[in-house]
Amino acid sequence: MKVITFLIFSILAGNGYSQDVLIRNINVINVMTGQIEYDKTILVSDKKIKQISSGPIQIKNTRTVNGKGKFLIPGLWDMHVHTVDSSYLELFIINGVTGIRDMGGAAVNSNNGCESIGYEKLMNWRKLINSGLLTGPRILISGPPVSNTGWATSINIQTPEDARNAVKKLKSLGVDFIKVYEKIPLDAYKALAKEAKVAGLSIAGHVPIETVSLIEAAEAGQRSIEHIRDPLLMCFTSNREELLHFFYEDNWSKSDIEWGLLQYDKCPGTIEALKKYKTWLVPTLTVEKAKVAISDPKFVNDERRRILPKSVQQGFEDYVAKKLSLSTVDKKSDSSWWLRQKLLVTRMHTEGIGFMAGTDCACEGGLPGNSLHNELRLFVEAGFSPLEALQTATINPAMYLKATDSLGIIKEGKNADLVILNQNPLLDIAATESIYAVIQNGQLITYRQITRIKRDLKKKKNIR
């Protein structure tokens, strides 16, 4: 079916996948500075941005896009996803997400959406995408996570030697980075980080909070920290009384308060370490908000979720049922935590910590592609300007990947991963959803084609 999709694109293009694209009179957004260059003409050729001109470009045999009154941004990245099904790939693209960082798993079949399909399928999909036979984003793959949980789908390590062997195994699989998870002993964690560096692999993921501190993770070179978990949350405020108010509101026990205050006292050192070692935060606000969003019928009954695999839909239904069955006290606790999670993002942003957009989709109600736009809106709610929010999905991932020579900004010579918007996202970040067309690795996907993909996905699921 994917090959057929590719052939449709080729036929519509007139002369095949590699045909040049000319975008006329487009307003180009510089995501580094927030400046807009108006009425530019962009030539895309050989999968690159070949020319940016203030005047007309005369060239034959191109697909031409009228960009008058529209805005051009770099392709968006979702830096925390769990890819379960091949349909996700098209969903990412039609939502302007031209790059994803798959945060791992080794599921044999579709699941509740919180664990990725096995790396073999992901690598095969990436190969087909790179060859032009499959429509999808650039994919970074971590494969099975490293943990000490005993889970069958992770690589379990308890000793430094286990850690070194895990790195060798993952390196042999051809992964792009290593996902770290829970309960890894400190000596094994440090050995993992050291061996990964020698192997040319970065580590990212959870901080094993039972065994490794945030400072130790930053010092060891963990490149990004995912989610907002207990020790990090204690840094949501610099006001001790405000923290104590949270403890009392959330009915913490005396021993829990003592633990929380101990973590709070580490916050200045944690912030300093995150800055010093340039550790990125990926708060996955979308999935964090889900615990309170289940009270919103619009969220729970979102029709777009119906095209996802049945197992993912069932996983979400189970999650909703679990949350709705909570006591009033526990529901109040969820709301209290969500408020502080946003405040944590606000404070860390004020402190100058780097952020990247990641959604954890399609876990707990996430929607591949769509959730990235929600994530950007939540960043703005947390105090980011629309430009700063846009940076979390464009130039920041490029800096994280050390790929600013090819990604993250619109300049001649860069990869042609672009999104044409009908509205200006610097005025309202919700404009990132006003997608007119997408160019992924030089391939133009028009609004008409986006509409066709949506229709075909619904047909597969017999949805009107």
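Strand β12 and strand β13 (residues 224–226) pair in the parallel sense over two bridges, where pairing requires that DSSP finds at least two bridges between two strands. Strands here are DSSP runs of E with at least two residues, and helices are runs of H or I with at least four, both numbered from the N terminus. Across this pairing, glycine 205 stands opposite isoleucine 225 of β13. Together with helix α6 (residues 214–220), β12 and β13 make a right-handed β-α-β unit. Right-handed here means that, with the strands pointing away from the viewer, the path from the first strand over the helix to the second runs clockwise.

β12 (residues 202–205) also runs parallel to strand β11 (residues 177–180), joined to it by four bridges. Lysine 179 has alanine 204 in β12 as its bridge partner. β11, helix α5 (residues 186–198) and β12 make a right-handed β-α-β unit.

The model is predicted: local features need pLDDT of at least 70 and side-chain atom pairs count only at pLDDT 80 or more, while totals for chains, interfaces and linings use all residues. Residues are numbered from 1 along each chain as its sequence is written, and side-chain values use heavy atoms, with hydrogens and water left out.

The structure holds two disulfides, a disulfide being a pair of cysteine sulfur atoms within 2.5 Å. One joins cysteine 114 to cysteine 363, with an S to S distance of 1.9 Å. The torsion about its S-S bond is about 80°, so this disulfide is right-handed. Cysteine 114 is partly exposed at 27% relative accessible area, whereas cysteine 363 is buried at 6%; buried means under 20%, exposed over 50% and partly exposed in between, with a 1.4 Å probe and protein chains only.

The other disulfide joins cysteine 235 to cysteine 267 (S to S 2.1 Å). Its S-S torsion is -95°, making the link left-handed. Cysteine 235 lies in the loop between α7 (230–233) and α8 (240–249) and cysteine 267 in helix α10 (residues 267–276), so the pair ties together parts 32 residues apart in sequence. Both cysteine 235 and cysteine 267 are buried.
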